[in-house]
Amino acid sequence: MQLEDSYPQHEAVPSRPEHVLVVDDESSTLGVVVALLERAGCDVSAASSAEQALLHLQEDLGCDLVLSDVMMPGRDGLSLLDEICRDYPGIPVVMLTAVQDIHVATNAFRRGAIDYLLKPFERTQLLSVVARALEHGRLLKQNVAYRQNLEQIISARTTRLRATMQDLERSYDFTLEAMGDALDLRDAETEGHSRRVTAYTISLARELGLDADQLRTIARGAFLHDIGKIATPDSILLKPGKLDPEEITIMREHCARGYEMVRKIPFLREAAEIVYAHQETFDGSGYPRGLRGERIPLGARIFAIADTLDAMTSDRPYRRGRSFAEARAEILRCSGTQFDPTIVQTFLAMPVHIWADLRCEVERSYANPLTLPVQ
């Protein structure tokens, strides 16, 4: 009877003989087992002690099965079983013993053996146990290979999904850019304002140590801060003179209107909070809700400084823009009232030339797409 005859019929015979390591301190038993398995078509190695077996496993990583006696001088078979299960978890182990003790068998199974064979045993018993053990080992290897292949497939699909999401996110930001530019074109006085204030906000937020996800949210909120003005009548938005109280009330509705527009877009929900709160002031005198201090979203507190910086340094039909140094002085003066004093200190610690450089960079790239997702 060949060992292959005991394999399940649906399994293909392996392309190489399966390698079995037999461990037994009794040379007569060792020789018989080795001979039987070799005649059955296995590639067999022999070891007379647990120490020899471990050395063999270190040198030969292709072992498919270990048959080990339990009672051996020095390190016994159960100690060998422990080390194989720990260091070579893919190799099945069958215990051989002349001790007919249920406790020994139970202990062996508990410690990781997959089968147990009592001496003396018949040839058919040995071959049957070995066939089952080798099949168990093959299934383990197939499972590992399947899991590794599955992990590779998941990793590849995750990479593709991430790339798709990034492309989708970029397309969203191009849409946002078009919305912001549409508002800038409607109000010639503030042309480029959304881009500049976004650049200033990102630079200050990065200096504060915010992570990439926070920077993306703040960038989007800053770029869309005035989107609610799309609903403001031209007679108010483009009025050359001062607004009367009723017109001021209508103009101030742009924060809530913008919030209602933006919050309906799932990936902009956090950015919508900045749109809603961008006219709040640190002392609570702002609008539309009169939020005070840290109740104002961090992104809105950062934006407030960037917005004032751009407003003061930009030309208007009725005045020339002031210098960045003058704007810094005004922001310092309003620290603790209009602005968060902690953020003001970070702003003042940044070199003044940064803002002029950013303004020039935005103006040079005005014809190019704006990248809102900040890496």
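Is M350 buried or exposed? Select M350 in this predicted model and have a look: with a relative accessible area of 3%, M350 is buried. You will find M350 in the loop between α14 (341–349) and α15 (353–364). Now show what surrounds M350. Leaving aside neighbours within four places in sequence, M350 is in contact with S203, L204, E207, R328 and W355.

Next, colour helix α10 (residues 254–262) and helix α11 (residues 269–277). These two helices pack at an angle of about 170°, with their axes 7 Å apart. Angles over 145 degrees count as roughly antiparallel, and α10 and α11 are therefore roughly antiparallel to each other. To see the contact, show the side of α10 with C255, A256, G258, Y259 and V262, and from α11 take A272, E273, V275 and Y276.

Move on to T29, which sits in helix α1 (residues 27–39). T29 counts as buried, at 16% relative accessibility. Display D24 and K119 as well: T29 is in contact with both, once neighbours within four places in sequence are left aside.

For the last stop, switch to a surface view and select Y146, L150 and I154. Together they form a nonpolar patch on the surface, with about 300 Å² of accessible area. Zoom in on I154, which belongs to helix α5 (residues 123–186). I154 is partly exposed, and its relative accessible area is 46%.

Terms used:
Residues numbered from 1 in each chain as written. Predicted model: local features only at pLDDT ≥ 70, side-chain atom pairs only at ≥ 80, totals over all residues. Heavy atoms only, no water. Patch = residues over 30% accessible without salt bridge, like charges linked within 9 Å, V, L, I, M, F, W, Y side chains within 5 Å. Areas by Shrake-Rupley, 256 points an atom, 1.4 Å probe, with all protein chains shown as cover. Salt bridge = Lys/Arg side-chain N within 4 Å of Asp/Glu carboxyl O. Helix = DSSP H or I, 4+ residues; strand = E, 2+ residues; numbered from the N terminus. Buried < 20%, exposed > 50% of the residue type's maximum accessible area, 1.4 Å probe, protein only. Contact = heavy atoms within 4.5 Å. Axes fitted to C-alpha atoms, helices over the stretch in contact; angles between N-to-C directions. Parallel < 35°, antiparallel > 145°, perpendicular 65-115°, else oblique.
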